[in-house]
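Here are some notes to read alongside the model. Please keep the structure open and find each residue as it is named.

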Amino acid sequence: ARGRPQNKPFVSGSGVPWWRIFTNRSIIALVLGYFCQGFPIYFFHTWLFIYLVKVRGFSLTQGGLYGAIPYLAIALASPLGGQFSDFAVRKFGKRLGQRIAVWLGMFSSAILLWEGAHAGNKVTAILLLAAAAGCNMFASVTFWAACIDLGHDYSGSVAGLMNTFGNLGGFFSPIVTAYIASAFGWTSALTLAALVTVVSGLCWLVVDSTRGIGDHSD
């Protein structure tokens, strides 16, 4: 981490440099990206079971069993995402390496969401959707690493801000999903989730984790 600039006030009266946090464009892009990350993943937390039973025709028991598959994918993909992110950073540097890790996860997730929404076979659909959830969390771990890189001594405050936006995305997700599904169908609702996932990845065009709030040139 780079040293603090000596010619600028760094810490606010509250002890946290909120002005520098809210004016750092990488942090703004990071939290907006995490908002878009939270939107699709909350489909699995809220509507997945109903989607499997009411739309895909699984029985209640099957819905419970198949509904667990995305969480198995998440459990497997999350540590793999961390390992891949570390590898990519060593190979390509922090800025590009983290972007590659997020782009691989988020863009793959978006494609899988779209394919799952349009799949004709119900088992194929849930497997594709489960893989989409795993890829989402494959990318998610790099967001948290960026909080440390951007926040320096105040990484906890940056992480809290980012997590707040992620949960805001989760707050809007079941509401917007239900409205779109009611008005246009579930395929359209999942297609929207796929588009939001793409936006999450695109936010990393702005994120530069080498220039945090402790860098006077950010």
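**Notes on the predicted model**

1. Start with Tyr51. Leaving aside its neighbours within four places in sequence, Tyr51 is in contact with Phe43, Arg56, Gly116, Ala117, Leu129, Trp186 and Leu190. Keep in mind throughout that the model is a predicted one.

2. Tyr51 belongs to the largest nonpolar core, which has 24 residues. Within this core, Tyr51 is one of the five residues that touch the most other members, along with Phe43, Phe44, Leu48 and Leu113. At least two residues of the core come from each of α2 (25-46), α3 (48-55), α6 (94-118), α7 (122-151), α8 (155-184) and α9 (186-202). Which helix gives the most to this core? That is α7, with six residues.

3. As general background, nonpolar side chains tend to be buried together in soluble globular proteins.

4. Now look at Ser109, which is found in helix α6. Is Ser109 buried or exposed? Residues under 20% relative accessible area are called buried. Ser109 has 2% relative accessibility, so Ser109 counts as buried. Apart from its neighbours within four places in sequence, Ser109 is in contact with Ala132, Cys135, Asn136 and Thr197.

5. Next, the chain as a whole. How many helices and strands are there? The chain has nine helices and zero strands. Following the sequence, the pattern reads α-α-α-α-α-α-α-α-α.

6. On overall dimensions, the C-alpha trace spans about 65 × 35 × 25 Å along its principal axes. The radius of gyration of the chain is 19 Å; a compact globule with 218 residues would have one near 17 Å, so the value agrees with that expectation.

7. On contacts, consider those in the chain with a separation of 6 or more: residues 24 or more positions apart account for 79% of them. On burial, 49% of the 218 residues count as buried.

8. Finally, the surface and the charges. The chain exposes about 10300 Å², and carbon and sulfur atoms supply 67% of that area. There are 14 positive and 7 negative side chains in the chain. The centres of these two sets lie 5 Å apart.

Definitions and conventions
Residues numbered from 1 in each chain as written. Predicted model: local features only at pLDDT ≥ 70, side-chain atom pairs only at ≥ 80, totals over all residues. Heavy atoms only, no water. Helix = DSSP H or I, 4+ residues; strand = E, 2+ residues; numbered from the N terminus. Rg over C-alpha atoms; globule rule 2.2 N^0.38 Å. Buried < 20%, exposed > 50% of the residue type's maximum accessible area, 1.4 Å probe, protein only. Contact = heavy atoms within 4.5 Å. Areas by Shrake-Rupley, 256 points an atom, 1.4 Å probe, with all protein chains shown as cover. Lys, Arg positive; Asp, Glu negative; His and termini not counted. Charge placed at Lys NZ, Arg CZ, Asp CG, Glu CD. Core = buried A, V, L, I, M, F, W, Y, C linked by side-chain atoms within 4.5 Å.
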